[in-house]
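This briefing is for a reader who is new to the structure. Please look through the sequence and the model before reading on.

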Amino acid sequence: MPESERKTNTTAIIDGIVDGHRISTQQLLQEIYKKLEEGYAEFEVNACGQHNIGGPLWDKDSKPLKFRVKNPGQRLGSMGMRGTTIEIEGSAPADVGWLNSGAEIILKGDGGDTTAHCAATGKIYVAGRTGTRSGALMKYDPSYPAPEFWVLENTGSFSFEFMGGGIGIICGYGCENMDSVLGYRSCVGMVGGVIYVRGNVKELSREVFLLDLDQGDKEFLLKGLPVFLEKIGRPELINVLSRELQENNPSSPSESLSSDMQWKKIRAKTYQERTIRQQAKSIREFRENDWVEGGIFGDVLPDNYTVADFVSTKDARLKFPVWKNALFSAPCEYNCPIGIPTQKRISLLRQGKTEEALRLVLEYSPFPASVCGQVCPNLCIDECNRKYLDIPVKIGELGLLSNEIKAGLPGIELNKRVAIIGSGVAGLGAAWYLRKSGCKVDVFEQDEVFGGKLKQVIPEDRLQQEILEAELQRIIKLGINIKTKALVNKEFFQKIKSEYDAVVIATGAHNPVIIPFEGHERLVKGLDFLKEINRGQKPKIGEKVVVIGAGNASMDVVIGAYNLGAKEVTAIDIQKPAAFDKEIEHVEKLGAKIIWPCFTEKVSEKGVHLKDGRLLEADTVIISVGDRPDLSFLEQEYLDEKGMLKLNEYNQSEIDSKVFAPGDVRELGLFTHAIADGRRAAMNIHRMFNDEPPDNFAKAPMIPQDRVKDQFYHPLRSGKVEAMTAEQEAERCMSCGYCRDCEYCMEVCPEQAIDRVQKTDGVFEYVSDPDKCIGCGICAGICPCGIWTMEDNLIKFLEE
């Protein structure tokens, strides 16, 4: 027999601590249920804070149940049933007799808060005092006896709130010196039942009467008090508590202290009695006569009795609204490495300003169609709030719309020259911004064509060459001078430094990493393989190809292998593939297999030998596990011990402040990371020209998702969304953190405190008039974009 259950004749003894460890409430209750099934009707429970002991339980043969409990937890006897008796040795915490449904509960100590809360029938006897809100929500169903709640001493504040029925008896024993045996603000909302109370009572609700006892009340107490005192083991107190109830029964000298304690009755006012109007006190009279003396902060701040209007404006408001337009980043903007504010672009489309919208993205990237529209995995939509309604906004398609937009020439020409070494997206991103700001820009590219990996590596399956070519030509038309076949060595680098006001090293990473396992000389370098394909060559490969590596570049290699006639292509990696899901799905549709984890032992004429003994047969093995930059044109002082550039947090050389290095030359990443790097480098070069310190251009925090209201939008079927044009996305975008000018706030403001102000430059704003605004917060609650924000108005009153 487990230590948690023992029996003594007909009593089951259940312990809350077994083998030195406290068992859970569920385990203890299961032991009770088990013994109940075995026919036990008496229980001795040595608890250790376990909850819900004693109810709701009943015996299948309708035998009465009896519990003796020590050290219970909360809700002792909750929903206790008729026929159940629960006796507690000592005190108990909150909710004793909660929702009592007929049990007799005898508490031989104090009760915690909400004792007898919601009791519906049955009797609860307390030998001490109880906490706040005891007896609250007691009720009476005429089909059953009214609940009774007997307390020897006193209750805490707010007791008998919203009482609807039943009987409370508060004996006030030992409480002669208390201001109120019911605490404060008791009986609020009381609509039924009766409370007998002995002793002082203060701050009763105005919804009740405090009355003298009639003969029926006295008979009830004289009949019930002996039973109550016998139950709690205090029969000797009968004379003290019943003296005034009995006629011709003089008190003894020892009872003289209690002789002033009078029994009274509390009952709720009827509806008609409540509606009798009394002359209302002024607020000042209430505060001087009924409120806490000196005010609740009187010990630290004298009350000057100033009274604010019930509905306040100006500085008397608790909160006031602020129109925080564009002070948060939308999720698309925050998650885009470049920080393209798509919500602003779509807002312009919504206003019919199509060309302005498509031109906006050119302020951030020269490749909206090639990168954003085709090769980018579109991190921007990962947290698009529209996904919680149906499908994220199709931002990639929006990028394609900007393909044919012409870039305007610079508005000014600066007497500054910047050299860009490398024509990948980082270099061209920097060149684009610098030229638009008025600098003269020369780009030095050692290859025959410019465009970096975007031009030389990405397969046509993923990037339409005519779209890329159009965007490259747009760069040239802006006035950027591209010099191809320009090999930069140490001497030429020094020459460039001396002739230009700033230099951007954006040579990327074009040296494939080779792992020196046995047979590595048989490997085909993935980067070289892709460059040959994009030059129109057709490198020879066999029917079976194994690609070592499973990143995004490796997926491009797999595509290239299939395009050259491979029948079976397998990509392997030592870890979970780093390629994006859509790239993996693409190659798997072509028939490729991706296996991981795989550890290469060696490469032979048979294929790839793995360390676990497997052989992956291959005619051609291509390695694509990353690339490193070629920095041989730099002196050693520019490099760290790993051969990488020494840069500060602004990607600025620690050796020469006029030299910057964005993109893969410092850290491998996506095309969007490189474009963002190049743009930030260009902006810091421009700041340097203006004698301003460099900046990291931190984004505004992302707007919390719960501030954007999706209730204003209708979810659409995926098929309907797919059929929509990119321009139609303007209606689906939720404009997170950026006002869509819907005027909802202005229409619903109950005080007509909000106006729309149109400025001469075409910009608008919404303003709230503090003379009218009452700080209700409706504008913030209804704003679908999360613009209106309620600010705390009390902070201005804090001590400085």
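Which residue in E14 is the bridge partner of Leu-211? The bridge partner of Leu-211 in E14 is Lys-265. The model is predicted: local features need pLDDT of at least 70, side-chain atom pairs count only at pLDDT 80 or more, and totals for chains, interfaces and linings use all residues. Residues are numbered from 1 along each chain as its sequence is written, and side-chain values use heavy atoms, with hydrogens and water left out. Helices (H or I, at least four residues) and strands (E, at least two) are DSSP runs, numbered from the N terminus.

**Strands around E14**

- Two strands pair if DSSP finds at least two bridges between them.
- Strand E13 (residues 208-211) pairs with E14 in the antiparallel sense over 4 bridges.
- Strand E12 (residues 194-198) is also paired with strand E14 (residues 263-268), in the antiparallel sense and over 5 bridges.
- Opposite Ile-195 stands Ile-266 in E14.

**The sheet of 5 strands**

- This open sheet has parallel pairing and the order E18-E17-E16-E19-E30.
- Strand E18 (481-483) and strand E30 (659-660) are at the edges with a single partner strand each, so one side of each has no neighbour in the sheet.
- Strand E17 (residues 440-444) runs parallel to E18 and is joined to E18 by 3 bridges.
- Phe-444 has Lys-483 in E18 as its bridge partner.

**The sheet of 3 strands**

- The order in this open sheet is E25-E26-E27, and the pairing is antiparallel.
- Here strand E25 (600-604) and strand E27 (615-617) stand at the edges; each has a single partner strand, so one side of each is without a neighbour in the sheet.
- From one strand to the next, the twist averages 20°.
- Between E25 and strand E26 (residues 607-610) there are 4 bridges, in the antiparallel sense.
- His-609 in E26 is the residue opposite Lys-602.

**Helices H16 and H17**

- The axes of helix H16 (residues 552-563) and helix H17 (residues 581-590) come within 10 Å and cross at roughly 20°.
- H16 is therefore roughly parallel to H17, a term for angles under 35 degrees.
- Axes here are lines fitted to C-alpha atoms, for helices over the stretch in contact, and angles run from 0 to 180 degrees between N-to-C directions.
- On the H16 side, the contact (heavy atoms within 4.5 Å) is made by Asn-552, Met-555, Val-558, Ile-559 and Tyr-562.
- On the H17 side, the contact is made by Glu-583, Ile-584, His-586, Val-587 and Leu-590.
- By class, this contact has 7 nonpolar, 2 polar and 1 charged residues; Ala, Val, Leu, Ile, Met, Phe, Trp, Tyr, Cys and Pro count as nonpolar, Asp, Glu, Lys and Arg as charged, and the others, Gly among them, as polar.

**Helix H7**

- In helix H7 (residues 342-350), 7 of the 9 residues are buried, meaning under 20% relative accessible area with a 1.4 Å probe and protein chains only.
- Among the buried residues are Arg-345, Ile-346 and Leu-348.
- Their cover includes helix H6 (331-335), helix H8 (354-360), helix H10 (395-401) and helix H20 (729-732).

**Ser-312**

- Ser-312 is in the loop between helix H5 (283-289) and strand E15 (319-323).
- Ser-312 has a relative accessible area of 12% and is buried.
- Apart from neighbours within four places in sequence, Ser-312 is in contact with Arg-317, Cys-773 and Ile-774.
- From Ser-312 to Glu-356 there are 44 residues in sequence and 44 Å in space, C-alpha to C-alpha.

Note on methods. Buried < 20%, exposed > 50% of the residue type's maximum accessible area, 1.4 Å probe, protein only. Parallel < 35°, antiparallel > 145°, perpendicular 65-115°, else oblique.
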